[in-house]
Amino acid sequence: MSIIDTIRTANHNLFRNKLRTFLTILAIFIGSFTIILNSAINSGVNNFIDDQIDMIGGKDYIVITKAGAMNSMGGAMMNMGAGTPIEYDENAQAVSFTKNDLAKFESIDGIDASSIDRQDSGTSYTYITSEKTSKKYQGNGLGIMPAGDFTIPMIVGDIPDPETKENLIALESGYPKALGYDKDEDIIGETVTLGIKDEVTGKVKEFKAKVIGVQAPGVVAFNGAAGTKQLVKEVKDEVEKYYPEAKRNTYYAITARFDNSKYTESEIKQILEDNGFEGMTVSDMSGMIHVFFDAMSVILNIFGGIALIAASIGIINTLFMSVEERTREIGLNKALGMSNGRIFAEFSIEAISLGFWGSAVGIILSMIIGNIVNNLTHQPGGILEALPTFNLFNFTIGNILTVMFIVMFIAFLAGTAPAWKAAHKNPIDALRYE
Amino acid sequence: MNTVIEVKNLTKTYGKKANAFTALKNVSLNIYKGESVAIIGKSGSGKSTLMHSLALLDKPTAGTIKIDGVDSTKLKGKALNQLRNKSFGFVFQQFFMNPSDSVLENVTLPLKIAGIRRKKRHQLASDALKTVELTEREKFKANDLSGGQKQRVCIARAIVNNPKILFADEPTGNLDSTTGDKIIKLLFDLNKDKGVTLIIVTHDEDLAKLCDRQIRISDGTIAEETKTKKGKK
């Protein structure tokens, strides 16, 4: 008997008792539906977190400030996810690195000196405002950086080409609204004003910049507005001109890579603390979120697994009944020369088909529901309205195929006992069967 | 004459120890190529067990069965399946058909098991159905046929693989006499025209007399062996 005939016959037999087959598939569907949905949500969340980590740099990436500075910065960072810029406060002051601090930092064992990226205080503008509002707002974190250094997901518009000889800027999410634009797309093409204050004289110099994009918000982002090199330079030059001598060439924060094969994250943080610095690793920013979702995922997978175990008992039962009912047919097939192997294969394929249909229906339905939920969460008022690039459910081909394969394999295992029984039936059983 | 089946001291016991029941005791017989043999006896006499043993569907407790000179105990797995599939044909009293499948599908079963391609096996099955004069019923569900038609489908299924030996277990048992006569004619035509060795298990004396030879089984042993005189059929 050819393979194709075996598969065709198995599928034909499967749908002889339609109701029973349907009920068994239903049971498998419930299990695979749970697991698919769960793996999609896990993948969606982890994707999002990884996206955010890519924005920062990677696992060996560390953000260093002078001890005590993290709180003020942390406030700005935490603020990002919520998407509301902090109003400009004249008394706010950052604790900066000096050149001496930098030299000390470079000599710390485990820090890759060549990777040090100084976030110039100089590029921090003092406030940002627009024609639509009288309020002034602080720049987040690093103020303004040249575009091109980071991967930045955008909600609307583009990241400025750093080489463009124009003052172009991509704002962070939340700013358009604060600056008096109801929708993110409304600010595209509009001009915003960046103010820089001379801390000695109190004089203010303002720059105009054209907004060409709005960045997507993130929960762990450590970022600033992205601008063209020209804009960054103008701002920096102006800041340096106005800044007192002592504040020139100082740094707001330093980012660097550390040797993560030599030190664990907590070890390097301890070393930094001993030297009067504060470090913040990627895990600090994303770790808790990963841990939470992974734990949730395990629990949900256990539920899915239990459902699948129940479903496989259903498969065993269905196939045993089928073997009993088809005793005569099996006997006849054997009398006509069908091998044990083929009979085993036929029943195994029936089991695998049950797994296939159950998981296929589970996948299709979970994808439909997942996409509906994804859309709903991004609607105005939805829980993820503020995070348009974050899809709660992320269905990947890899996930889908893995779940399908696992379900079909479980179905095969469940089918082995009935298939074995069928294969080893005595042909004369059929001939005597009344 | 060529011996196709050679049975020596065949004993078959069912059950164990105290419950043991001996269905066949020391049966020896030969079946020759192209002949028609009736195995007759009352129910419970052991005639069905004998046929099952001859067809290698049941293993003897003692004794030997040789098919074309080959000891049956040496036939295992693939060789045994090939023999059943290619050399034997079966016609059963209870038909054993897949009621939901078409007549054609039922007839192709042995060919499907043999791994013959779909197109070819449909052709061969059509030919077999032509022999039993059921061409116009090809597409019918097996369940929608009358008893006689069902038995003809079974014969078509039994001959579709061009077997050397055709085993018929009470082929007319479920049929009225007119329909039964048709089936009998079909079987003997196959025997005469195609040289198929015919082994019929029956309790019907009239049917038995139509065969070249009658082997009467009683209490698990051969009680009598008779030959029909030529030209008397």
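Me: Which residues are buried in H3(B)?
Reply: The helix in question is H3 (residues 103–114) of chain B, and ten of its twelve residues are buried. Buried means under 20% relative accessible area, exposed over 50% and partly exposed in between (1.4 Å probe, protein chains only). Helices (H or I, at least four residues) and strands (E, at least two) are DSSP runs, numbered from the N terminus. The buried residues of H3(B) are B:Val103, B:Leu104, B:Asn106, B:Val107, B:Thr108, B:Leu109, B:Pro110, B:Leu111, B:Lys112 and B:Ile113.

Me: What kind of model is this, and which atoms do side-chain values use?
Reply: This is a predicted model, in which local features need pLDDT of at least 70 and side-chain atom pairs count only at pLDDT 80 or more, while totals for chains, interfaces and linings use all residues.

Me: Which helices of chain A are included in what covers the buried residues of H3(B)?
Reply: The cover of H3(B) includes helices of chain B, namely H2 (77–87), H4 (118–131) and H5 (147–159). From chain A, the cover includes helix H1 (3–14) and helix H9 (327–335).

Me: Which residue in S8(A) stands opposite A:Leu171?
Reply: Strand S6 (residues 168–171) of chain A has A:Leu168 and A:Ala170 pointing one way and A:Ile169 and A:Leu171 the other way, all of them buried. Four bridges join S6(A) to the parallel strand S8 (residues 204–215) of chain A; two strands pair if DSSP finds at least two bridges between them. Opposite A:Leu171 stands A:Val214.

Me: Which strands are the edge strands of the sheet in chain B?
Reply: Four strands of chain B form an open sheet with antiparallel pairing, in the order S2-S1-S4-S5. Each edge strand pairs on one side only, and these strands are S2 (21–32) and S5 of chain B.

Me: Is B:Asp71 buried or exposed?
Reply: B:Asp71 lies in strand S5 (residues 70–71) of chain B. Apart from neighbours within four places in sequence, B:Asp71 is in contact (heavy atoms within 4.5 Å) with B:Thr64, B:Ile65 and B:Lys66. Because its relative accessibility is 18%, B:Asp71 counts as buried.

Me: Is B:Thr178 buried or exposed?
Reply: B:Thr178 belongs to helix H6 (residues 177–194) of chain B. Since its relative accessibility is 58%, B:Thr178 counts as exposed.

Methods: Residues numbered from 1 in each chain as written. Chains lettered and ligands numbered in written order. Heavy atoms only, no water.
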